[in-house]
Structures are given as C-alpha cells and as structure tokens.
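Please look at the structure first.

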2 protein chains.
Amino acid sequence: MKKSDVIQMIFHHGLAKEPQHEKGLAFAPTNIALCKYWGKRDTELNLPMTSSLSVALPDKGAMTTLSRRHEENDLIVLNGKELAYDSVFVTRTCQFLDLFRPEKKWYLQVDINMNIPVAAGLASSACGFASLTSALNDLFDWKLPKRDLSLLARLGSGSAARSFWSGFVEWHAGSQSDGMDSYAEPLAYEWPELHVGILSIADHEKSVLSREAMQRTVDGSILYGMWPKKVARDMVILRQALQVKNFSLLGGASESNALTMHATMLSSWPPICYFLPETIAAMHKIWDLRRNGLEVYFTEDAGPNLKLLFLEKNIKKVEEQFPRIEVIRLFE
Amino acid sequence: MKKSDVIQMIFHHGLAKEPQHEKGLAFAPTNIALCKYWGKRDTELNLPMTSSLSVALPDKGAMTTLSRRHEENDLIVLNGKELAYDSVFVTRTCQFLDLFRPEKKWYLQVDINMNIPVAAGLASSACGFASLTSALNDLFDWKLPKRDLSLLARLGSGSAARSFWSGFVEWHAGSQSDGMDSYAEPLAYEWPELHVGILSIADHEKSVLSREAMQRTVDGSILYGMWPKKVARDMVILRQALQVKNFSLLGGASESNALTMHATMLSSWPPICYFLPETIAAMHKIWDLRRNGLEVYFTEDAGPNLKLLFLEKNIKKVEEQFPRIEVIRLFE
C-alpha cells in the first residue's frame with residue numbers, strides 16, 4: 001500500500017486544491033519514549049513492529065510556520081537558516097508536502113524553529129513532522145481530529161504520531177496493512193512529581209540516522225527477534241506503573257527497554273553504537289547513585305544523550321550530581 | 001548429577017588415596033574466546049548452553065606448583081601472596097581439590113603464578129583451573145589424556161576446558177546430562193600471520209564476577225533467547241574462516257559475537273555493563289580505523305579490556321594507533 005492511498009482514506013471527501021489561509025502555524029512538543037519504537041513492519045507507511053509509549057516534554061519541540069509562496073518550489077528554513085535543496089531534511093519535508101498536492105498547485109515557505117538539537121536523539125523529526133502536520137491542518141482548515149493528524153504525521157516520521165499531546169501517549173502498533181489502526185492517543189494519567197532531566201553529551205548530528213539504524217537492526221541483528229517480546233512485557237509494566245504510580249517500576253522498565261534497544265543495535269553488522277565514552281560514564285554514575293539509594297533512571301534514544309527520570313523530591317540531588325542537566329517539569 | 005559422579009566415571013579404577021610425588025607442576029596458557037562461552041545448561045557441572053571456540057595466548061597464563069603439606073589444610077598462594085581462607089578464590093580452589101580426596105587424606109600448598117591480571121576479563125580462572133588440573137595430573141601421575149583433563153578442569157571453571165592446547169580450540173557443548181561429551185579439543189589450523197593485541201583498560205577486579213553475570217543474563221535477559229542461534233551461526237563462520245584463512249570473516253564474526261554477548265548483559269536487570277568509557281572510546285577508534293582501511297577487530301570478555309585481532313603486516317600500524325598495546329604472537 002502507498003502513502004497516497006492512505007491520504008485518500010483520510011480525506012475521503014477529497015483534498016483541497018489550495019490552502020484556505022495565507023499562513024498556518026503550530027507547535028508540537030517533542031516526546032521521550034519510555035518504551036521505544038524500534039523497527040517497522042512496513043517501511044513505506046512507517047508502521048511499527050510494536051506499540052510504544054512516550055511522555056511529552058511540554059515546552060521542548062518544534063514551531064512550524066507555513067506561508068504561501070509564489071515561486072514554484074518550497075523553501076525550507078530551519079532555525080532561521082535556509083536549507084540546501086539537496087539536503088535530506090528538505091527532501092523528506094517536500095516529499096511529505098507532495099502527499100497533499102498531487103497536482104502541484106501550491107508551494108510553501110516552511111519555517112521550523114526547534115529549541116532542541118537537530119538529529120541528536122531528541123526526537124527532532126518527531127516534533128518536526130507533528131508540527132508540520134498541525135500547521136498544514138491550520139493552513140488548510142482541515143479541522144481533522146488529532147487521531148487523524150497522528151496517522152498523517154506518521155507517514156513523515158513514525159514517532160511523530162506521538163507528538164500531538166502533552167503527558168503520556170501510547171502509539172498502537174495496529175495490525176492492518178493500511179495502518180489505519182496505527183495511531184497514537186493520550187493516556188489519562190497525570191504524574192506531577194515525575195521529572196525528566198536532559199543530560200546532553202553531544203549535540204552534533206549523529207553519524208547513523210535513526211531510520212537507517214532501525215532498518216539495519218531489523219535486517220541484521222539476530223537479537224532483534226526478541227524485541228517484540230521485550231516490548232510486550234515492558235508495555236504491561238509501564239501501564240501498571242502509571243496506574244499505581246510506582247516510580248521504581250516505571251524507571252526500571254524504561255531503562256531496561258532503552259538498554260535492550262541499544263543492545264539489539266550492538267548486535268547488527270557493522271555494529272551500531274550510539275554510546276559515547278561520556279554516555280557510559282553517566283550510566284555507571286547513575287547505577288552507583290541508585291545503589292546508594294538515589295532513585296534515578298535513564299533512557300536513551302538513537303543518540304548519545306541521556307534523559308534521566310526522577311521524582312520532584314530528588315531534583316536538587318540530581319542537579320548536584322549532574323550540574324549541566326536541564327530539568328524539565330512534565331506536568332503543570 | 002553431581003561432580004563426584006563425574007569423577008567416578010573418569011577414574012573408573014578408583015582415585016589414588018595419596019599423591020605419587022612430593023611436587024606437581026604445570027603451565028596452562030590463557031585463552032581468548034572468538035566465540036564466547038556464555039550461559040550454562042547445568043550450573044553444577046559447568047555444562048555450557050553452546051559450543052565455543054578460542055585461541056590460546058601461548059606465553060600468557062598460569063603456572064601452578066603443588067607441594068605436599070603436613071598441616072591439615074590447604075594453603076593457596078597467588079602470585080606470591082598467601083590468600084585469606086575465606087576468599088572466594090580459596091574456597092573454589094579447595095572445593096576443586098576436595099573432588100579428588102573424598103577421604104581428606106592429603107593437603108597441598110598451591111602456588112599459582114599468573115602473568116595476566118586476575119579476574120579482569122583475561123580468563124584468569126580458565127588458565128588457573130587448567131594448570132591446577134594438569135599439576136594434579138603430574139602430582140598423582142594420573143597420565144590422563146588431555147581430553148579427560150579438559151573434562152575435569154571444566155568442573156572448576158567452564159572455560160578452563162579450553163586451556164590445554166596452543167592454537168585454536170573448540171569446546172563442544174555436548175548434549176549428555178553427565179557432560180562426558182562436553183570437552184575441548186584442538187583444531188588443526190595454524191595461522192602464523194594472526195596476532196592478538198591486549199589493550200588494557202583497567203586491571204582492577206571486576207565488580208560483577210563472570211559466573212554471576214552469566215547466570216543473571218541467562219535468568220533475566222530476554223535477549224539471551226537468541227544467543228544459541230547467534231553462536232550456531234558464528235561457529236559456522238569461524239570454522240569456515242579458519243579453513244580458508246579469511247581474516248575479515250574471522251574478525252567480523254569474533255567482534256560481533258563479543259558485542260552480542262555484552263548486548264545480552266545490557267538487557268538483564270539490574271543491567272550488567274562491562275564497558276568503561278575507555279572501552280567505548282577504543283571501540284569507536286577501531287571502527288574508525290576500519291572505515292579507513294586498517295583491518296583490526298576486537299573481542300571483549302567479562303571485563304573492560306579489549307583484545308584486538310589483526311594480521312602481522314599491520315602490527316606497526318596498530319602499535320602506532322594504540323601505543324600501550326601488548327602484541328602477542330599466537331604461533332611460533
């Protein structure tokens with residue numbers, strides 16, 4: 001099945017030929033997966049092998065502004081810098097816009113501003129494609145429900161499906177070949193004591209992009225065969241942890257899930273290793289702190305940075321141990 | 001089945017009640033596994049889940065000297081230092097000696113001298129138990145074939161089964177519950193160009209001993225389920241690589257096997273991570289060198305040190321890149 005078929009299904013009354021407004025605007029928060037999305041069952045539609053579960057960082061993410069353009073091409077501006085036409089980012093963005101303009105009747109200037117580093121394992125493509133999708137919804141006045149926006153954004157970047165809500169979000173793997181059951185939705189749990197700390201190890205772009213790393217793992221890592229089982233188990237634990245607010249359960253399952261994802265990568269060939277020396281040093285420090293009674297856990301995405309998980313009562317202690325950490329309140 | 005039953009089977013004419021000589025002496029080389037022994041199917045008899053394949057470091061290992069003692073206890077001296085009676089090392093050594101003296105009629109001074117760091121991932125217990133077994137063979141004049149010594153040493157430490165030969169050695173997993181088919185034997189391949197370099201990252205004793213790490217992985221790592229499949233595949237590749245002397249094949253399979261073993265550990269809980277920051281830095285350096293055309297691979301055991309694999313023609317280049325490396329010729 002092709003992306004254009006999915007568009008047909010969502011816009012069954014037909015796509016508008018032209019934007020309704022001169023401008024469209026939207027913000028989408030980035031999200032940190034506690035149970036990771038790792039591996040696709042359909043690479044065209046970005047359908048995941050497994051469900052995943054994330055929490056949004058409410059003030060971190062991407063703001064996208066769309067403006068009609070009268071030249072016959074798009075202009076993509078990232079953090080105020082015009083991007084080269086042949087860059088991967090521009091290609092992916094324009095291909096996404098093309099889904100909504102089969103007749104190529106309109107072009108846009110796309111201004112994306114992110115307050116997180118790009119392609120450094122902080123889900124920049126997730127909030128990027130979510131904000132782009134929401135901004136298109138605004139520009140065209142589609143008035144689509146978030147579930148449909150989630151389906152659409154997934155066509156640009158899988159984890160973007162999860163970036164339409166604050167708080168905890170579950171993205172359902174689904175089982176249909178058209179992916180119409182593979183959308184995200186918010187989980188009705190609030191946990192004001194829960195905090196995330198971003199421990200930036202390096203903010204340069206990663207050498208292996210996550211979609212390539214994911215594919216190489218699915219294709220070449222023998223350990224990947226156990227990943228769906230691991231996710232099934234962790235999803236049960238995480239939902240349980242949210243329900244009873246058991247932080248040890250939440251932290252443990254999140255950390256183990258992340259380590260298992262990285263483990264599957266180490267086993268691919270050539271090996272994929274997002275750990276940097278500083279990543280490993282921070283992990284050992286976290287394990288030492290835990291052995292000494294400070295409950296702090298970590299998760300790590302396709303990049304060297306760690307995201308620490310801890311409760312409000314321990315913010316000071318965590319900041320003392322990691323002076324460069326950026327603490328983020330997840331709930332107002 | 002108990003260890004004492006195995007002893008019965010090997011010494012079917014009965015164990016000598018007393019040593020034949022006043023002294024027994026033997027050296028055993030340490031061995032580096034290219035395909036790792038990771039996980040037991042029987043913890044009492046140290047029967048492995050899978051076969052494994054190693055290469056001996058001919059001049060690195062343990063020299064054990066046994067002397068009759070007239071006190072009613074054993075004295076264990078490691079590298080010239082008398083060990084405390086309650087240390088793990090002494091307990092394991094005396095329990096091993098007890099297998100051969102059901103009537104407690106004799107006691108020994110056991111002098112073990114190793115020219116490798118103890119319990120730092122350099123297979124110190126492998127060469128330790130192999131040399132102890134050979135020294136007992138000498139002391140008692142058992143005249144056992146090496147295959148039987150391999151069976152006996154395995155009862156002390158699994159990988160000791162492989163430390164009775166120079167060159168390449170395969171330890172068969174076997175399938176019998178008494179383990180009589182789980183012995184090692186030499187592989188008739190010589191490869192004079194192949195070299196190993198020991199890159200010492202840290203020589204302090206590790207915080208999680210390998211036998212504990214192994215058991216925690218088997219019991220608690222969901223990824224371990226794929227390990228036997230990985231080994232089966234790597235053993236085929238390694239035997240093929242030895243037969244046709246294809247170094248890329250040998251290096252790649254060895255590195256991937258080691259990384260997969262460490263990957264299974266990362267996925268246990270609490271996580272087990274023998275990587276130190278310097279280990280990861282060295283790995284990235286090796287991958288960079290390989291991308292730039294220098295064929296060097298690594299393997300890593302239950303410790304932070306790396307063992308590099310490369311061909312004779314590249315010794316100088318490897319030494320330039322890793323000034324502290326200790327290069328070891330494997331074949332005369």
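The notes below cover conventions, the sheet, its helices and the chain pair.

This is a predicted model, in which local features need pLDDT of at least 70, side-chain atom pairs count only at pLDDT 80 or more, and totals for chains, interfaces and linings use all residues. Residues are numbered from 1 along each chain as its sequence is written, chains are lettered from A and ligands numbered from 1 in the order written, and side-chain values use heavy atoms, leaving out hydrogens and water.

**Sheet in chain A**
- Four strands of chain A make an open sheet, ordered 11-12-10-13, with antiparallel pairing.
- Strands (E, at least two residues) and helices (H or I, at least four) are DSSP runs numbered from the N terminus; two strands pair if DSSP finds at least two bridges between them.
- Strand 11 (297–300) and strand 13 (326–329) of chain A are the edge strands, each pairing on one side only.
- From one strand to the next, the twist averages 30 degrees.
- Strand 10 (residues 194–199) and strand 12 (residues 306–311) of chain A run antiparallel, joined by six bridges.
- Gly197(A) has Leu308(A), in strand 12 of chain A, as its bridge partner.

**Helices on the sheet**
- Helix 7 (residues 247–266) of chain A packs on the sheet and touches strand 10, strand 11 and strand 12 of chain A. Contact means heavy atoms within 4.5 Å.
- The direction of helix 7 of chain A makes about 35 degrees with that of strand 11 of chain A. Axes are lines fitted to C-alpha atoms, for helices over the stretch in contact; angles run from 0 to 180 degrees between N-to-C directions.
- Helix 8 (residues 277–291) of chain A also packs there, touching strand 10, strand 11 and strand 12 of chain A. Its direction makes about 155 degrees with that of strand 11 of chain A.

**Chain pair**
- Chain A superposes on chain B by a rotation of 180 degrees with 0.0 Å of shift along its axis (RMSD 0.0 Å). The two copies are therefore related as by a two-fold rotation axis.
- Superposition is by least squares on the C-alpha atoms of residues with pLDDT of at least 70 in both copies.
- The copies meet through the same surface, because 100% of the interface residues of chain A are also interface residues in chain B.
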